[in-house]
Amino acid sequence: MRTTVLSDIEIANAAVLRPIRDVAAETLGIEERHLVPYGHHKAKVDLGYLASLADRPLGRLVLVTALSPTPPGEGKTTTTVGLTDALHGLGHRVVACLREPSMGPVFGMKGGAAGGGYSQVVPMTDINLHFTGDFAAIAAANNLLSALIDNHVHHGNELDIDVRSVSWKRVLDTNDRALRHVVVALGGTGNGYPREDGFDIVVASELMAIFCLTESWADLKRRIGDIVIGYSRSGTPITARELGAAGAMAALLRDALAPNLVQTLEGAPAFVHGGPFANIAHGCSSVAATRAGLRLADYVVTEAGFGADLGAEKFVDIKCRKWGLRPDVAVVVATVRALKYHGGVALADLGTEDVAAVEAGMANLRRHLDNIREVYGIPCVVAVNRFPTDTDREIATVVELVDECGVAAYPATHFADGGVGAQDLAKGVLQVLDEPSPYEFSYTYPDDLSLAEKVEAIATRLYGAGHVTWQAKARRRLQRIERDGYGDLPVCIAKTQYSFSTDPTLVGAPTGHELHVREVRLSAGAGFVVVVCGDMMTMPGLPSDPAAARIDLADDGTILGLS
């Protein structure tokens, strides 16, 4: 494993990229006439062309997930890219499907989301910043609906909207805690009727979820029309369709809906499209990109956000349920550092060898492996993303303990070595794909359970919770949603990513804890009900030392400091 001394952005800036038309033609067979280029190295793939591929057989779907994440990070996106490069290097027709980064974490705590080291998608700076303008289009369409709501009330309120019930929030794509709760329309009668409002981050919005759960303009417009923005004073749900908003909002999203094609550092194709957070939304890249990849390649490597209790659960229970998808194998990313953290080691001491802590931290990984195989019914392997501070003894311990669970573990050095560092992992994935699955794919809960029972199923089957409690307002909201005919929808639980519980400090594999539901939101257009638990916020704040303080623009136009 080579010692990487360059930063992620230095590696990305030094890369020699191939024209995206060549990547498209030579790796996926897409002719240049089907591309909408955004410069030389990124392009959208025409939706009409993708629709013409509907009769093609689908490739195999590889889902990359992880144990419960820790503050240092586990490198799930990096592993997705490294595995893609490894399969590409072995001569397979493969494409990665990733989420677009939100500028909230780019300028906040987490940093970018284009991979790392020598396993990145590029152009990295473009992808992490404005990219092809998809998020700006989503924000514009979302805020157009907000404007139409207030405008409707101002001009007579024909639908008799109860402004106290309006649940549709404005959005922007940066962290700003000051905008969580605001009052709009101040300044006199000419500015409308004052009311309480608030902002979510774009990636937590229902419109982002809608964007990622459709692959056609017609379905997009239908879903937008189904959005419930609030209620009339008589208690009737009011939809975006009734406000006449669906057509204009869909028009703003017309070009954005086409998947974005870029490349890895090693020239493998990658769709980077859509970006819902997995701790507050459903955490998967777009259906349009996933299904395009399955029609164009033999293997699609896609990631679901955060741990397997969040992104993977929502991938299965929302995305797969809606579109008939089924992962053929799951890759669970683990690190020695994460296992030691879940074994009780402090952040400052994670670089010190501690085999006992690795063994203790296996409780977290073991539960994720059990959930993936026994609850979702997906065969899996473990990718041990190796860091320079990991000792041979610690790595051997992880491999041995994972093997005792009946799962193969593959140490990988793709961060430092690129695709060649993940070739053993790639071969392990291919081996699982060649064997008949001993599991039957299934969802965490059936459609016919009540919404409360669906939440309880996730809490008890996946999280190890002892019981679910409900804030009175959340319980009333849930009952109203069911009375209005939305009880058959799946649920999307918003909770901390750092623990199976709602307490981010409760690491490992806690059992018997309480899952407390604070708020319930209907996302009728997306087709699910959001259940907000614990202290989870849908508009994050910036940390005391934000990443923005380290990002700069050099005199020659080079962007510095992105990670």
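This is a predicted model: local features need pLDDT of at least 70, side-chain atom pairs count only at pLDDT 80 or more; totals for chains, interfaces and linings use all residues.
Figure 1. Apart from residues up to four places away in sequence, glycine 343 touches Ala357, Ala360 and Gly361. Valine 531 is 188 residues away from glycine 343 in sequence, and the two C-alpha atoms are 29 Å apart in space.

**Figure 2. The protein as a whole.** The chain forms 19 helices and 24 strands. For 563 residues, a compact globule would have a radius of gyration near 24 Å; the protein agrees with this, because its value is 23 Å. Taken along the principal axes, the box filled by the C-alpha atoms is roughly 70 × 55 × 50 Å. Buried residues make up 60% of the 563. The accessible surface comes to about 21,000 Å², and carbon and sulfur atoms account for 51% of this surface. Of the contacts between residues at least 6 apart in sequence, 76% join residues at least 24 apart. The protein carries 51 positive and 67 negative charges, and the mean positions of these two sets are 5 Å apart.

**Figure 3. Proline 19 and its contacts.** Proline 19 is located in the loop between helix 1 (8–14) and helix 2 (20–28). With a relative accessible area of 26%, proline 19 is partly exposed. When neighbours within four places in sequence are left aside, proline 19 is in contact with His40 and His41. Along the chain, 243 residues separate proline 19 from valine 262, yet their C-alpha atoms are separated by 9.6 Å.

**Figure 4. Two residues in the loop between helix 7 and strand 7.** The loop between helix 7 (134–154) and strand 7 (170–172) contains aspartate 162, and asparagine 157 lies in the loop between helix 7 and strand 7 as well. Aspartate 162 is buried, because its relative accessible area is 14% and the limit for a buried residue is under 20%. Not counting residues up to four places away in sequence, aspartate 162 touches Tyr231, Ser232 and Arg233. Asparagine 157 also counts as buried, at 11% relative accessibility. Although asparagine 157 is not a glycine, its phi is positive, at about 55 degrees.

**Figure 5. A positive phi at alanine 185.** Alanine 185 is a residue other than glycine, and its phi has a positive value near 70 degrees. The residue lies in the loop between strand 8 (182–184) and strand 9 (195–197). Alanine 185 counts as buried, because its relative accessibility is 19% and the limit is under 20%.

Figure 6. Valine 122 and proline 123 are joined by a cis peptide bond, with omega at about 5 degrees. Proline 123 is placed in the loop between strand 6 (119–122) and helix 6 (124–128).

**Figure 7. Threonine 239 in strand 12.** Strand 12 covers residues 237–239 and includes threonine 239. This threonine, residue 239, is buried, with a relative accessible area of 13%. Beyond its neighbours within four places in sequence, threonine 239 is in contact with Gly225, Asp226, Ile227 and Val228.

**Figure 8. An aromatic pair.** A pair of aromatic rings is described by two values, the distance of the centres and the angle of the planes. The count for this protein comes to 1 aromatic pair. In this pair, the ring centres of phenylalanine 441 and tyrosine 443 are 5.7 Å apart and the planes stand at 75 degrees, so the pair is edge-to-face; planes over 60 degrees apart count as edge-to-face. Phenylalanine 441 counts as buried, at 16% relative accessibility, whereas tyrosine 443 is partly exposed, with a relative accessible area of 31%.

**Figure 9. Helix 11 and its cover.** Helix 11 (residues 287–296) is mostly covered, and 10 of its 10 residues are buried. Among the buried residues of helix 11 are Val287, Leu294 and Leu296.

Definitions and conventions. Residues are numbered from 1 along each chain as its sequence is written. Side-chain values use heavy atoms; hydrogens and water are left out. Helices (H or I, at least four residues) and strands (E, at least two) are DSSP runs, numbered from the N terminus. The radius of gyration is taken over C-alpha atoms; the globule rule is 2.2 Å times the number of residues to the power 0.38. Buried means under 20% relative accessible area, exposed over 50%, partly exposed in between (1.4 Å probe, protein chains only). Contact means heavy atoms within 4.5 Å. Accessible areas come from the Shrake-Rupley method with a 1.4 Å probe; for residues, only the protein chains shown count as cover. Lys and Arg count as positive and Asp and Glu as negative; His and the chain ends are not counted. The place of a charge is taken as NZ of Lys, CZ of Arg, CG of Asp or CD of Glu. Rings of Phe, Tyr and Trp (its six-membered ring) pair if their centres lie within 6.5 Å; planes under 30 degrees apart count as stacked, over 60 as edge-to-face and the rest as tilted.
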